[in-house]
Amino acid sequence: MQIIKLSATDSTNLYLKDLMGSHSLEDFTVVIANDQTMGRGQLGTIWDSEPGKNLTFSVLKKMSSVNFPNLFMLNICVSLAIYSALKKLNIPNLKVKWPNDILSGNAKICGILIENILAGNRIHASVIGIGLNVNQISFNDLPKVTSLKLSLGKSFDLEPVLNSITQELKLIFERCQLEGTLELEEEYTQLLFRKDKPSTFKSKEGEMFTGIIRGISKEGKLMVALEDEVSKEFNLKEITLLY
């Protein structure tokens, strides 16, 4: 596995995508930065990370040999890989907040941003951006954020944690190819944060409503039971879970 270490960059996702244009890269090539100055999350949010304290990296996954039934399966695989790596570190109360934030208890510990590179109408490769809070303990008053150090009260060597995550990524893609996707979809569904619990949501129009998360659709939309158990599916831009 090729690992490219940078002292600083604006975004490891952008760096890796630019590198793909001029170099032939191995599957699971990793770009990791000590300081990522413009890290991004879902829907254009900023990933705030203290230099040298966390893991901010991107992984190249070539998709030519991968046969997914839908694009959301990639989110499922990455989420489960990170969940598995953190579970082995004994991080408590791990859940996946749809679509792919990893929580410890009610607090976010890891964010994922997946960007696909197309070749015609097929996905040629995916760039998997991962931001994991490791040794940072102050987050500028951001609500509901935690780290490995805050969870377990000790510092971590970053390199073994990185190696564990990349190994779990390889294993989960192997499982997907050998076993199919059904079991992985079920595992992901069972890990959903606030599944089967009354929760408050906000629509894209700003309206608040109550519902119960029941699972995800085949396309990866969030399935929410509303009043009288009427079920509705929402995509990422249509709904925000407020707890």
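**A walk through the model**

Me: Start with Val230. Which is it: buried, partly exposed or exposed?
Reply: Val230 counts as partly exposed, at 49% relative accessibility. The scale runs like this: buried is under 20% relative accessible area, exposed is over 50%, and partly exposed is in between, with a 1.4 Å probe and protein chains only.

Me: Before we go on, what kind of model is this?
Reply: It is a predicted model: local features need pLDDT of at least 70, side-chain atom pairs count only at pLDDT 80 or more, and totals for chains, interfaces and linings use all residues. Residues are numbered from 1 along each chain as its sequence is written, and side-chain values use heavy atoms, leaving out hydrogens and water.

Me: Good. Where does Val230 lie?
Reply: In the loop between β10 (222–225) and β11 (231–234). Strands here are DSSP runs of E, at least two residues; helices are runs of H or I, at least four; both are numbered from the N terminus.

Me: And what does Val230 touch?
Reply: Val224 and Ala225, not counting residues up to four places away in sequence. Contact means heavy atoms within 4.5 Å.

Me: How is β10 joined to β9?
Reply: By 4 bridges, and the two run antiparallel. Strands pair if DSSP finds at least two bridges between them. Gly215 has Met223 in β10 as its bridge partner. The hairpin of β9 and β10 has 5 residues between the strands, and Gly220 there takes a positive phi near 90°.

Me: What about β8 and β9?
Reply: Strand β8 (residues 198–203) pairs with strand β9 (residues 208–216) in the antiparallel sense, over 5 bridges. Lys202 is partnered with Met208 in β9. This hairpin has 4 residues between its strands, and Gly206 in the turn has a positive phi of about 95°.

Me: How do β6 and β7 pair?
Reply: Antiparallel, over 10 bridges, with β6 at residues 107–119 and β7 at 122–132. Gly111 stands opposite Gly131 in β7.

Me: Where is Lys61? And is it buried or exposed?
Reply: Lys61 is in strand β3 (residues 55–62). Lys61 is buried, with a relative accessible area of 4%.

Me: What does its side chain make a polar contact with?
Reply: The side chain of Asp27, at 3.0 Å. A polar contact is a pair of N or O atoms within 3.5 Å; within protein, one must be able to donate a hydrogen and the other to accept it, and residues adjacent in sequence count only if both atoms are side-chain atoms. Beyond its neighbours within four places in sequence, Lys61 also has contacts including Phe28, Val66 and Phe173.

Me: How many disulfides are there?
Reply: The count comes to 0, taking a disulfide as a pair of cysteine sulfur atoms within 2.5 Å. Cys77 is in none; its nearest cysteine sulfur, that of Cys176, is 4.3 Å away. Cys77 is buried, at 0% relative accessibility. Cys176 is buried too, at 4%.

Me: Last one. Which residues of α4 meet α5?
Reply: Ile172, Arg175, Cys176 and Glu179 in α4 meet Glu183, Leu184 and Glu187 in α5.
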